[in-house]
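Had a look through this one and jotted down a few points for you. Have the viewer open as you read.

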Amino acid sequence: MKEYDILLRGAEALAMKIDKKPDVAVVLGSGLGEMAQASPIRVDYSLIPGMPRSTVPGHDGAFCMDEVQGKRVLFMSGRAHLYEGYSPAEAVRGVRLMRLAGAEKLILTNAAGAINADFEVGYPVMISGQISSFVPSPLVGENPSALGVRFPDMTEVYSARIRDIARSAFEKRSVKYREGVYLQVTGPQYETPEEINAYRALGADMVGMSTAIEAIAARHAGMEVAGVSFITNRAAGLGGGKLSHEEVRESAERGGELFRSIVRALIAAV
Ligand code: HPA
């Protein structure tokens with residue numbers, strides 16, 4: 001089946017459960033699913049044809065609708081990753097479904113390893129730009145022209161407008177944050193110290209296994225995008241020890257409340 005037909009079937013199923021246009025869509029990454037737990041409307045991914053479900057511990061699998069900061073928010077609680085074997089088109093399907101549900105703004109969240117020595121574990125980092133050159137584009141293949149053009153511009157993936165408003169919101173709340181460039185890899189192995197050195201030389205401040213392709217799909221579909229990374233560890237070779245998924249998960253959980261407050265501030269800002 002063509003990707004656009006798969007999307008239309010999924011969108012139809014989602015529209016039966018969520019019939020109001022969201023003000024903003026939010027993708028919740030590792031350890032952040034809790035933010036959507038209390039939502040009055042919850043639609044398990046298994047009810048949406050074509051919607052992939054994450055197989056990773058710590059990742060939920062549902063669209064949730066809730067009111068946050070006076071805004072109607074459509075959450076994607078849990079995402080599918082390339083390293084699980086999902087194709088790039090499958091991995092961005094949820095974002096496109098939220099676009100088809102009417103969302104015009106998107107907030108992406110993730111856990112990331114810090115390449116920039118100024119970024120401490122536990123810090124939120126507003127994503128200012130991205131490098132997706134090491135992962136396949138989600139736009140390869142037939143272009144669903146109802147969503148966007150064949151050759152979309154990526155000059156400003158992360159909205160300067162939202163970043164401006166978010167900066168003032170964070171400063172007003174005395175929230176410590178950084179800004180930086182996110183580089184996506186497929187994983188699932190963590191990087192080598194040599195790769196991290198190479199990524200630093202390329203201009204990356206943090207590294208992770210999601211988000212950049214979602215941002216590409218969202219921009220292709222005309223959404224305004226904001227992104228925030230939560231630093232769960234220093235990238236390979238920079239922290240002294242070995243990396244593990246447990247460390248990443250524990251850090252994400254420990255910093256959960258701070259991170260949720262950042263996401264709430266972003267929701268208010270968009
Ligand atoms: N590398 C890749 N992905 C990650 C990391 C990392 O160090 N930390 C959290 N996600």
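Which residues on the other side of α4 are exposed?

1. E171 and K172 are the exposed ones there. Keep in mind that this is a predicted model, so read the points below as comments on a prediction.

2. Now the helix itself. α4 covers residues 160–172, 13 residues in total. From its first C-alpha to its last it reaches 18 Å, close to the 18 Å expected at 1.5 Å a residue.

3. Turn to the buried residues of α4: I162, R163, A166, A169 and F170. Looking down the axis of α4, you'll find them within an arc of 125°, so they line one face of the helix. Note that an arginine, R163, is on that buried list.

4. At the start of α4, S159 has a side-chain oxygen within 3.2 Å of the backbone nitrogen of R161. After α4 comes S174, with a positive phi near 55°.

5. Last, the empty space. Rolling a probe the size of a water molecule over the atoms shows where such space is left. Here the count is one cavity of 30 Å³ or more, and the largest cavity holds about 40 Å³. Its lining consists of R79, A80, H81, L82, A91, Q184, M209, S210, T211, I213 and E214.

Definitions and conventions:
Residues numbered from 1 in each chain as written. Predicted model: local features only at pLDDT ≥ 70, side-chain atom pairs only at ≥ 80, totals over all residues. Heavy atoms only, no water. Helix = DSSP H or I, 4+ residues; strand = E, 2+ residues; numbered from the N terminus. Expected span 1.5 Å × (residues − 1). Buried < 20%, exposed > 50% of the residue type's maximum accessible area, 1.4 Å probe, protein only. Arc of directions from axis to C-beta. Polar contact = N/O pair within 3.5 Å; in protein donor to acceptor, adjacent residues only side chain to side chain. 1 Å grid on protein atoms, 1.4 Å probe; cavity = no way out; pocket = protein on both sides within 12 Å on 5 of 7 lines; lining within 4 Å. Points joined across faces, edges and corners; volume = space filled by probe spheres on them.
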